[in-house]
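Morning, everyone. One interface today. Have a look at the structure first.

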Amino acid sequence: MTSRFFMPALLAALAVTAPALAEDYQTNLGPMPLDDETKEFIAGRGDVKASFQGDTLMVQGNFQGLPSNATEAYVWQSAHTGVPGKQIASLKLTVTQSTSGTVSGSLKLTRAQAQALREGNLYIQLNSEKAPPGYMWGPRGTLWGWLLPAHETVGPNVPQQGNWFVPKLHTLSR
Amino acid sequence: MHNKSALLLGGAAAIAMGTVAFAQGAAGLFTKAQVDAGRVAYNEQCATCHQPDMSGMNDSMPLAGESFMKVWGQRTTAQLYSKIHASMPYGRGSSLDDATYASIVSYILAANGATSGTTPFSPTAETGIGSIATGKAPAGFFNAPAQAAAAAPAVGGQPNVATSAGFATAGQVVKYPDPGRFTLPTKFGLMLKGDIQNYVPVTDEMLLNPPEGDWLMFRRNYAGWSYSPLKQITPDNVGQLQLKWMWSMPENGTMEITPLIHNGLMYMWGTSNTIQALDAVTGELLWENRLGPPPRGPGPGPSNEETRAMGLYGTNLYVNTPQGFIYALDARTGEEVWKTKINDKEGIGWSTGGLIIIKGKILVGMTNCGRKGTDDHCYISAYDAKTGKRDWKFTTVALTGQPGGDSWGPLPDNERKGAETWIAGTYDPVLNTTYWGTAQAKPWRRDERGSADGDTEYANSTLALDPDTGKLKWSYNHAPGETFDLDEVFERVLIDHGEQKTLMTIGKAGILWKLDRATGKYLDHAQTVFQNVYTSFDPKTGRPTYRNDVVDQKSEQWLSSCPGPQGGHNWQATSYHQPSDALIIPLSQSCVLMLGNGSQTYFEMPGTDGNLGRLSAYRTSDMKPLWSFQQRASFLTGVISTAGNVAFVGDFDRVFRAIDVRNGKTLWKTRLGTTVQGFPVSFSVDGKQYIAVTTALGGGSPQLKPGTMLREVHRPVNGYAVYVFGLPDNP
């Protein structure tokens with residue numbers, strides 16, 4: 001187990017000594033929690049890349065396949081990766097008001113938000129006309145994705161040798 | 001100002017009255033005829049999973065009583081109708097006619113104390129359920145007979161609509177999106193008597209050292225490796241694999257079986273407990289005994305309607321049935337030799353996990369035992385292979401006075417529930433110890449269970465038992481006080497590293513555990529997929545620490561669980577490839593939000609790009625990850641590996657594939673009739689190696705979650721079968 005934590009620990013140490021370096025993040029946007037009743041409206045996919053330097057988070061991504069037009073997108077903060085959290089009103093993104101398009105923004109993060117980013121606790125949530133935000137049979141919205149450290153990705157059915165990225169396990173504070 | 005105040009007061013009064021109206025609701029929102037029709041439809045479409053008394057089971061939440069009212073008491077009748085209409089019956093949402101859905105909802109409301117009247121149920125009525133229902137059923141409500149004549153009313157002048165797509169008669173209107181038609185068997189017994197000559201009895205020695213070409217038990221060997229020493233099929237020639245034969249199996253219900261192979265004979269279990277012997281080379285039927293009963297409903301069934309493996313010993317084939325029986329059948333003829341019941345109470349305690357035969361004893365576990373409100377506990381029990389007489393039983397929850405007996409908080413012994421054993425154990429003949437995993441305590445969630453922060457021994461544990469006496473040697477609790485339906489019940493794989501005797505297992509949380517199997521001491525663990533249930537593990541003991549919001553959970557609170565009940569790992573078993581020391585593990589990458597009553601919504605695991613399936617290999621000596629690949633569809637079979645360095649696995653989207661065990665590369669794949677589900681095996685006859693695999697539907701979370709999330713995957717609702725592949729006769 002020890003060796004698997006060596007690289008993240010090294011990165012964390014480097015981050016302390018070289019804070020000016022940009023930190024790269026990525027996420028894939030996927031459907032928010034759904035069931036057979038709501039899957040008709042909660043659908044679509046997307047990809048986002050982000051870079052954090054100083055106190056600024058630059059976000060650039062795209063999405064497609066929404067059943068209804070996108071309406072808004074924000075960065076949300078949660079207590080843990082994969083646990084629904086709260087919208088950060090000041091971290092609003094620009095989103096194409098369509099069923100496909102782009103999502104982007106240049107956002108100023110507080111220190112606490114920056115720490116949450118490094119711990120894998122910030123996520124992007126995109127809402128649409130038929131799957132708006134709210135709380136009915138669980139937290140609602142359309143697409144979401146946790147911002148995770150940039151890592152190698154391969155397509156389906158392509159084997160990766162040795163380690164592969166596991167969120168949180170390889171998302172130690174950097 | 002005065003007038004404004006009056007308006008405001010009036011408005012406030014109106015709002016208040018509205019609130020009162022919502023709170024009090026209106027009686028008689030449905031008719032007695034709808035309740036009667038709903039009783040029929042519910043028993044046909046819903047009772048198999050939700051139970052006749054609506055108490056719920058496994059993935060199927062209670063539909064009556066306190067637990068139901070906690071969640072649905074705050075919602076409306078329209079919301080209940082909408083949810084049931086969209087998602088039920090299991091896997092066939094919106095397949096019934098609207099009148100039948102209205103009747104079923106009426107019946108559920110009546111079961112919760114709502115009274116009928118003269119107005120038919122309105123699917124759009126926003127009436128608060130808490131205002132018309134109490135959660136208490138009228139006395140004798142569930143004992144009233146379901147009158148078949150009380151069918152759903154005709155709709156729009158059309159002929160009566162079939163409430164079950166499987167039983168439509170000519171001319172009946174069937175609103176059912178799937179192409180399949182189901183027929184349930186009606187005749188049982190020895191349908192074809194066998195006459196197998198020169199049968200070679202299975203001995204203890206054969207079970208200890210299985211002949212190369214045979215697959216005599218669940219995991220092929222006592223150590224649970226799911227590994228074949230055959231090496232005719234290799235990475236170089238696996239691309240030439242071709243179908244040798246295919247045999248259709250009975251439809252409906254659930255099938256997740258392991259074909260057993262002995263000396264050129266194949267033994268199969270099918271739904272309705274249809275037991276068949278086949279010629280393993282030609283696929284010819286040699287005998288068939290339909291033990292029954294039929295599945296409780298048409299179409300794919302729940303996870304408690306099947307068994308995962310049978311056993312061979314002497315001249316008998318041993319079968320544990322989901323109804324809680326063990327049968328000894330003559331492996332040569334199919335005739336019944338003896339039959340015994342493992343459950344002590346009628347209708348409580350079934351058996352789905354297969355069995356293991358050790359020194360003339362049949363060891364079997366239980367499922368659907370030890371539920372809230374039933375007066376029983378789950379146990380593992382052993383039976384004499386010759387007579388069926390019970391030899392011992394071990395109760396799998398710790399009772400007062402036993403080790404761990406103080407780990408259930410304030411709960412008295414008769415309220416300590418769960419710890420089912422729905423996967424058969426393994427066995428170390430040197431240590432003379434059998435190893436079993438247990439499932440979680442019941443109900444799943446601590447807030448519903450009442451066990452406070454107790455560890456709930458021996459739930460979600462590895463149990464080491466003496467097979468001669470059933471005495472506990474040691475136990476190790478992988479998930480003390482578990483609360484998310486994250487079972488740790490799956491296969492215990494026994495691997496030696498020099499002098500060190502280890503046990504490997506992986507549960508739904510996706511944590512791969514390594515224990516010293518002589519002592520039960522924790523040795524190591526590895527996290528195979530993302531998980532957010534635990535925040536840390538004690539480096540010395542392996543004991544996990546839960547998230548704070550999990551510890552402080554409330555029944556009406558939506559809580560996130562990654563993985564969810566589909567499991568990082570589930571019953572789709574691992575394979576230990578001995579030559580490379582690689583444990584090949586089918587993994588799943590889905591999460592849930594869950595309420596205390598078990599209601600769930602699903603989402604993709606963070607960082608997986610919607611790939612629900614993952615297959616990963618770990619070197620067991622140092623727990624080093626070797627390779628991994630992911631794909632959109634979940635894997636729905638166990639893995640087998642062979643000495644030829646090839647592994648085989650099947651998935652939800654009908655793909656069966658061969659993989660190079662050294663690097664995870666796909667070498668060959670084909671598409672079968674429906675979901676590839678079960679436990680593949682490899683065998684040989686007359687020097688030729690074969691691969692057998694089953695296709696089937698039914699089951700719990702591994703079918704339910706992808707069934708909702710993989711919107712683009714379309715599967716036939718029939719196609720239960722066994723397929724046998726081999727190399728060309730003249731390559």
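Start with a salt bridge: B:Asp609 and A:Arg45 meet through their side chains, 3.8 Å from N to O. The rule here is a side-chain nitrogen of Lys or Arg within 4 Å of a carboxyl oxygen of Asp or Glu. Between chain B and chain A, the count is four salt bridges.

A word on the source. This is a predicted model: local features need pLDDT of at least 70, side-chain atom pairs count only at pLDDT 80 or more, and totals for chains, interfaces and linings use all residues. Residues are numbered from 1 along each chain as its sequence is written, chains are lettered from A and ligands numbered from 1 in the order written, and side-chain values use heavy atoms, with hydrogens and water left out.

How many residues does the contact take from each chain? Chain B gives 56 and chain A gives 42, with contact meaning heavy atoms within 4.5 Å. About 4,000 Å² is buried between chain B and chain A, and carbon and sulfur atoms give 55% of that. Buried area is the accessible area (1.4 Å probe) that two parts lose on being put together, summed over both.

Now strands, meaning DSSP runs of at least two residues, numbered from the N terminus. Strand E12 of chain A, residues 160-161, pairs with E34(B). The sense is antiparallel, over two bridges; DSSP must find at least two bridges for strands to pair. In that arrangement, A:Gln160 stands opposite B:Ser628 of E34(B).

How values were computed
Helices (H or I, at least four residues) and strands (E, at least two) are DSSP runs, numbered from the N terminus.
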